[in-house]
Amino acid sequence: MKSNTLKSSSPSVKMSALLSQMTLEEKIGQLQQSAYFSTVVTGHVVDHSGTIEAIKAGRVGSVLSVHDERDLKMLQKTAVEESRLGIPLLFMFDVIHGYKTAFPINLALSNSWDPDLVERVSRGVAYETSHAGLHVTFSPMVDLVRDPRWGRVMESNGEDPYLSSLLTQAYVKGYQQDDLAQPHAIAACVKHFAGYGFAEAGREYNTVDVSERTLRSVVFPPFQAGIDAGVRMVMTAFNVINDRPATANRWLLNDVLRDEMGFQGVIISDYTSTEEIIQHKVATDTKDVAYQCFEAGLDHEMVSQTFQHHLKELIAEGKISEETLNERVLRILTLKEQLGLFDNPYRNFYEDSAQYMLLETTKALAQEAVEKTVVMLKNDDALPLKPKQTVGLFGPFIESQDVIGEWAALCEKSDVITLKQAFDQAKHPYVLLDETTLDTRSRELDTIIVALGEAGSEAGEGNSKAKLRLSASQEALVKKAHQTGKNIVLVVFAGRPLILTELEPFADAILYAYQPGTMSGAGLYRLLSGQVSPSGRLTLTFPYHEGQIPVYYNHLNTGRPFDHARPEYRYNSRFIDIPNEPLYPFGFGLTYGQFEYSDVFLSKDHLREDDTVKVYVTLKNHGSHGALETVQLYIEAQSFSVSRPVNELKAFKQVYLDAGEEKTTVFTLTNAMFKAFNIDMAWTTEQRSYFVKVGPHSGALIARTVQLT
Ligand code: BGC
């Protein structure tokens, strides 16, 4: 290794000293991310031929998607021993919901409403990822979503900015663990800045046109939460946002992200999103691309090489300054330093990293996550299963291992525990049914479990879908099973909310499993058998019909809201052929308990600026099973200087109640909970009257009134 003369100095001095030794080419090199051995991503075949030479010449700052231990070692050795300054490379990868152990997809994880679980899961993910020698994960994806047609809702935290912000912080803490130099930590990257979740019609990479108020109220908060938690990287979005591509958007990257939000880490583009601004029709050639993206504030370019090819010339022409370039380079070097790479560029390279993967403790955590993220959408006394009673197992997903979801890094389907395997392991008697044996073999049975779903490859990037029902053949299976007269328990695996309106009447119980990952069957079996009660709550609304989309809980009221007393009245905001309400609203999810909410009252009916008000609610579990209930608190401004949503989630508490138990839950209202962007775009309260609402989900709330004074 070339001697590093900078070892003993303090971090910034050390990096500044290193910077002062760098040539212009080497500086520009730090801004380049190259892909290696990732054959085809987003349709671009990556040519690796020049990569090694480029590393030797100091023209590569980081490498994307390399994960083979030998390759990692070889590439790092090349950088450290054969480049002039021996600056180590950063290795980055999309580890979104598991590296080798697949955890439930992120949308499912958000159903837990449990930041502590999400933090422990991301620690588990960081453990495997760091032991594979990787330094940065492109996670969490914190795009606010309202459109299940978009395939990437599977990576998101759902539709609520408050909940998503809490979960974003949990991800960042779990990955980064407060000190990146720790051996089990990796750097996190919040993405995609910004607005990608609002792609028109849910069509991938499509235009985004949203108001500044929507951006500030719902799109930006999770990013701010990530920044407040110390996230080291932000990725730009592919889309045009309000007529400027996000990757070349100075207002977004400089004015908002740097100046307002205070982000000091690295801003990276998305995969070739720099040169795509030519397709967006704001640049004519790659030099123009480099100029515009650099000017906007981009630090690190993923895969495209416009900086590489044009920054030197742009500096010579005086169009951009070397000083600004220096700042960008320092950010990359600082991240390397924070990860401890100047002390040990080979951190976490093992001869055999397999020994750190799929550990029993990691799998136990993955199973816990399954148990806490599945949502029970219906239960007419069909669940839990009666102990050891023989059940029928029917449908294509009973034995399917295609439940790890997209972005599963190196997780393998073959490691998945299927539903059938879980019944085997539990020695729970069952009969495997198919269409020919359904009628005859099910005669003695009480219950048939029908497992259906969409293939993993139907969700994720590039998989926008206009028709959100299960295939006709799968729907037919449910109807056929229903004809047997048995209890039908539907288990649905999917990367997004599907339209279950037609199917719902044919099922006595529905468990929505999303894509639960490696421990799928094991966790589901514990829920089905009642060893643990379902507790997941929806974070993304389930539409009644595709025609309602976007349908989300925190919408405005309209001037002529639908009137249930006059459903046929023509001049109200409604559809003539479908209801306004979704099939299942935000926050919805059943348990094996039966909770009654009563005695909702406030300690005071007014709230002064420096004061607090308590909200009390009594919960009683009338059921015969203990269960975890997620008590939700929303507010609604009765008036304000701008229209505000009919409900805004402001707090929630998870309370476990044994059968027959009663407990009082207390929330504390503060002035800050009532703030919004007012007519002048100032984040403030207004002294007005507000509803404070408490209940089990956004569609069933008990309201009280408080006056801000
Ligand atoms: C995705 C990003 C991802 C990147 C690198 C892109 O296509 O939009 O989310 O991090 O690829 O794999």
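**R537 and its surroundings**

Biologist: Which backbone oxygen lies 2.9 Å from a polar atom of the side chain of R537?

Modeller: The backbone oxygen of P696 does. A pair of this kind is a polar contact, defined as N or O atoms within 3.5 Å; within protein, one must be able to donate a hydrogen and the other to accept it, and residues adjacent in sequence count only if both atoms are side-chain atoms. Please note that this is a predicted model, in which local features need pLDDT of at least 70 and side-chain atom pairs count only at pLDDT 80 or more, while totals for chains, interfaces and linings use all residues. Residues are numbered from 1 along each chain as its sequence is written, and side-chain values use heavy atoms, with hydrogens and water left out.

Biologist: Is R537 buried or exposed?

Modeller: R537 has a relative accessible area of 1%, so it is buried. Buried means under 20% relative accessible area, exposed over 50%, and partly exposed in between, with a 1.4 Å probe and protein chains only. R537 lies in the loop between α17 and β19 (595–602); such helices (H or I, at least four residues) and strands (E, at least two) are DSSP runs numbered from the N terminus.

Biologist: And which residues does R537 touch?

Modeller: Beyond four places in sequence, its contacts (heavy atoms within 4.5 Å) include N111, W113, F588, L628, E629 and P696.

Biologist: How many residues of α17 itself are buried?

Modeller: Eight of the nine residues in α17 (520–528) are buried, and the helix is mostly covered. Among them are S520, G521, L524, Y525 and L528. Just after α17, G530 takes a positive phi of about 80 degrees.

Biologist: Moving to the core, how many residues does the largest nonpolar one have?

Modeller: The largest nonpolar core has 191 residues, and F193, L311, L377 and I449 have the most contacts inside it. Such a core is a set of buried Ala, Val, Leu, Ile, Met, Phe, Trp, Tyr and Cys residues joined through side-chain atoms within 4.5 Å. A second, separate core has 29 residues, including Y597 and Y690.

Biologist: What does L377 contact?

Modeller: Leaving aside neighbours within four places in sequence, the partners of L377 include L500, I510, Y512, F542 and F588.

Biologist: New topic: at what angle do α7 and α8 cross?

Modeller: The axes of α7 (161–176) and α8 (212–228) cross at roughly 25 degrees and come within 8 Å. That makes the two helices roughly parallel. The classes are: under 35 degrees roughly parallel, over 145 roughly antiparallel, 65 to 115 roughly perpendicular, and the rest oblique. The axes are lines fitted to C-alpha atoms, for helices over the stretch in contact, and angles run from 0 to 180 degrees between N-to-C directions.

Biologist: How does α8 pack with α9?

Modeller: α8 and α9 (250–260) pack at about 55 degrees with their axes 12 Å apart, and they are therefore oblique to each other. Residues making the contact include L215, R216 and F220 of α8 and W251, L252 and V256 of α9.

Biologist: Where is E686, and what does its side chain contact?

Modeller: E686 is in the loop between β26 (683–684) and β27 (689–697). Its side chain makes a polar contact with the side chain of S641 at 2.4 Å, and E686 is buried at 12% relative accessible area.

Biologist: Which peptide bonds are cis?

Modeller: Two examples are the bond from F193 to A194, with omega near 0 degrees, and the bond from L383 to P384, with omega near -5 degrees. Most residues other than glycine have a negative phi, and most peptide bonds are trans.

Biologist: What about phi at K281 and N348?

Modeller: Phi is positive at K281, near 65 degrees, and at N348, about 60 degrees. K281 counts as exposed at 71% relative accessibility, whereas N348 counts as buried at 9%.
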